[in-house]
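Have the sequence and the 3D view open as you read.

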Amino acid sequence: MKKLTAIIALFVLNSAAQAAVSLPDFAFTGQELTGFSIRPSFKQVSVSFSVQSGFDSYLKQESFELKQVDSKEYQSADPGGMYSGSFGTSLSSVFVGEKAYRNNIVKGYLDKQYLSVIQSYEKYYPKIAKTQYEQEVNLVYAFALLETGSISKAMDIMKGVAYGESTFAGAASDRIMQYYLETRLYEEADIFASGLKTVTPYSLYGWLYSLLQLQRYERVISTFNAHSEITSKDKRFYDFLITAEYSLGKFDEVIANRENAGNNTMALLADSCLVRGDVKCAVNSYNSIPDNNMKNVIYGKIAVAEGNHKEAEKVLAALDSDEDRLNIFFFYIGRNFPFIDLSFMDKFVFESKINNDYNKFYRGIWYLSKGDEMNAIRQIDGIIFNRDLINTAYYYRGLAYSSIDPHRAQRYFLRFMELSQDEQKLMVTRYMLGQIYYLDGRADDALMLLQPCATDYCRVLKGKIFIDKKDLNSAWSSVDGVKGNDAAFVRASIQYNKKNYKDALAQLKPISPKDVQSDLLLMLTYLKLGDSSSAGDVFNRHSKDERFMDAYLDNMMLAGQYQQVLKLTDGNKDRYRLVRSKALFSLGRYQEALAGFRSLVDSGLHSFDAWYGILTCYSAMKDDKRFDDAAREITQVRQQFDRKDFLVLQAAKMALDTKDTRLATMLLNHFFDNYDVSPYKRDAYLLRGQLFRDTGRLEQCLEDAQMMQKGGRSDEGLFLKGECLQTSKPDDAKVIFEDLAKNSDRYRELSYAKLVDLESNPKDLKPAVLFFRNRDTDIYVKGLEKYFSMLSASQLTGEKALLDGLVKDANPAVLPLAYYYSGTAQYGAREYETSAATLLKGYYLYPNSKYADKSLDKAADAYDNLGRKDEAEIMRKKIKGTK
């Protein structure tokens, strides 16, 4: 399927680079690919070593002095599945003395006579209470309760001791921790240990182990560091620290602790070295790893790191678990993507179909990174067992289909948005959908979708869309402060569209490396700034690119450099026949221009421009007959071409402009007979209405004006209606023009001009006249003359403020009138001396004005009233002498 393309949003430029749906640079990378939570690590790491338990050894304490010797071996159980070591010591006790009650209880516990211990405690406790043995015996009693299933009561007693400060606190805390480990109550173990005042080595061991099981790796590190008085004396505790650092991806910290790594964590050290690319370090650590599957995995990863695929294949063949194969697989992908060897990928064969989906998944993404969308789709469509990958595959299907079938890509992206919480991919998804919507003409939907996306690439896309919507301020807000060439180009486009060409140039200059679209805008910007030399330098770099040539020629034409256009196109006259013909026309070389336009018509190229060129040539040559022949020929052309209906209307308009109503009528009849469905239908009614108006057929004019209102209010149609009515029904026409003057931006000035002609009431005329004060001097003067001529002497006197304002404005076209009517108003107010001065000033300043003689005559009247009749007579003779 043809790829979607769209013009980069530069609504002023005629030529721009085409943009397909594009991916941000980081849509998929090796680092991203190996970031899945399902990435396998060494789950079989064993942190196992023996730690002396206070519970196991408390009988040896000095306070336990028994007369009778009874040695027993005591071994604690393995605490859990991850650990293979055991905890244990040999314990013995010596019973000496006469402390029979206590000895009876302790001896019963050592003999595992737990019920006897409970019975003896209940029987003898009153004799032991408040003695130095009370807390000790309570503890042994709790031990027995624990063995008989009275766990809650036992734990309450032991915690009471463990949280205290007696010499038995350590034994109590260790027994509690031992119970939690045996029963895998890791959460309870963490809560309990967090409340201890003093932590024993065994309790710390159990606590750290529980935190590892709970995957609270940061807590492992902080707990380890908080008990340096224990960890510093026993290097084996570093296994917990190293395991936690590795699990958090703190590979540099693991490597920094290399001297403290033991057999249990040497593989983690080697793997951390591989992650950091230090193969030598990994090899040195490998030699210290005990023989097990972890050592084989590390060996396979070292082979991958060294590019020794044959050795890695041997390891893969010997491994017996998918997890170990996946470990090497992900290491290979993360280290080499996108430079992977598909034949080596074939060696990763997993027992589980779920794991085989990983191979298909990364193959698909590899094909996608190479631009091979079809093979990418085949691989990704094969993922049917791995639920995590099935959801993520919607994202990559969307990427693959975005350049093949955008609407199908849209469905996959929307499905991914429903299922995923991966913020980075969701932002890319919004970006991709935003492009699809935008290129599909759904700019508002695109903006709504992009609203939550604050990434730079989303902001740049929003900027382009806002430019396309002509909302330049929002476009600037979107890309302001965003770094990169794309953002700079959008900012330059905004400034160019605002006609801030110097600011556009400032954005374009730093773009590096330059590309076609930025160079095109750079050339146009130089042209707008009048820097033809710099524009020429850019043009010369791309002179073979038709987009640059077309844009350069367009600007040469606008600048009137027609000879330069002919020179640039001299080597390819056929390709540039149209622009050459336009240049020849502009140079007045009409016959040559006609030949070019006619050849285009004959070849069926650029038909609208060619026929229009022919018409304008004959019009410029004032060859009415050949113009008539060409216009009629257009109506006989059977070939359909773009804007043919508009061309017929243009010919009719040109005929009407030359008063050839016969030809205009024929062309308009042809239009209505042949273009019943046309976007220019309303223009045709307007033109025919004007024809009817000019030929006195006012009823038909009104009908066409009414037809223009069918699709909704048409200001053009209303204005035409007013023109048709202004002779026969001037009051009705005035109502229309007053409406347009108030409500139509386009026809406001024209309507006020009509009102200046039509109004007969000074009160209604005045606002229409004043509208033109700083707009059209001719209409303004004509209107003022009409207005003042309609006023009585007393009304004219009342316009002193207006007249004074006219004098103050000092408009040379208005001043003769202003002096005359100001003087006349003063005369009416019997201010004869002031009136004479004002009128004579108008006369002497503007002696050639039509108001000169009027001013002098009125001044003579003022002198008569002042008793200066001789001077008045001289003025009147002067007036007669000029006639």
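Helices (H or I, at least four residues) and strands (E, at least two) are DSSP runs, numbered from the N terminus. With that in hand, Asn 293 sits in helix α16 (residues 293-305). At 22% relative accessibility, Asn 293 counts as partly exposed, where buried means under 20% relative accessible area, exposed over 50%, and partly exposed in between (1.4 Å probe, protein chains only).

A word on the model: it is predicted, so local features need pLDDT of at least 70 and side-chain atom pairs count only at pLDDT 80 or more, while totals for chains, interfaces and linings use all residues. Residues are numbered from 1 along each chain as its sequence is written, and side-chain values use heavy atoms, leaving out hydrogens and water.

Now the overall picture. The protein chain has 52 helices and four strands, and 51% of its 883 residues count as buried. Take the contacts (heavy atoms within 4.5 Å): among those with a separation of 6 or more, 53% join residues 24 or more positions apart.

Next, the nonpolar cores, meaning sets of buried Ala, Val, Leu, Ile, Met, Phe, Trp, Tyr and Cys residues joined through side-chain atoms within 4.5 Å. The largest has 97 residues, and those touching the most other members include Ile 328, Tyr 362 and Phe 413. Helix α24 (residues 423-439) gives this core its largest share, 10 residues. A separate core of 77 residues has Leu 508 and Tyr 576 among its members.

Ile 465, another of the residues touching the most other members of the largest core, is also one of the buried residues of α26. This helix (residues 456-468) reaches 19 Å from its first C-alpha to its last, close to the 18 Å expected, that is, 1.5 Å times one less than its number of residues. In α26, 10 of the 13 residues are buried. Which helices do the buried residues of α26 pack against? Here they are:

| Partner of α26 | Residues |
|---|---|
| α25 | 443-450 |
| α27 | 472-479 |
| α28 | 485-497 |

Helix α24 is a partner too. Just after α26, Lys 470 takes a positive phi of about 65°.

Finally, a helix pair: residues of α8 including Tyr 186 and Ala 189 meet residues of α9 including Trp 207 and Tyr 209.
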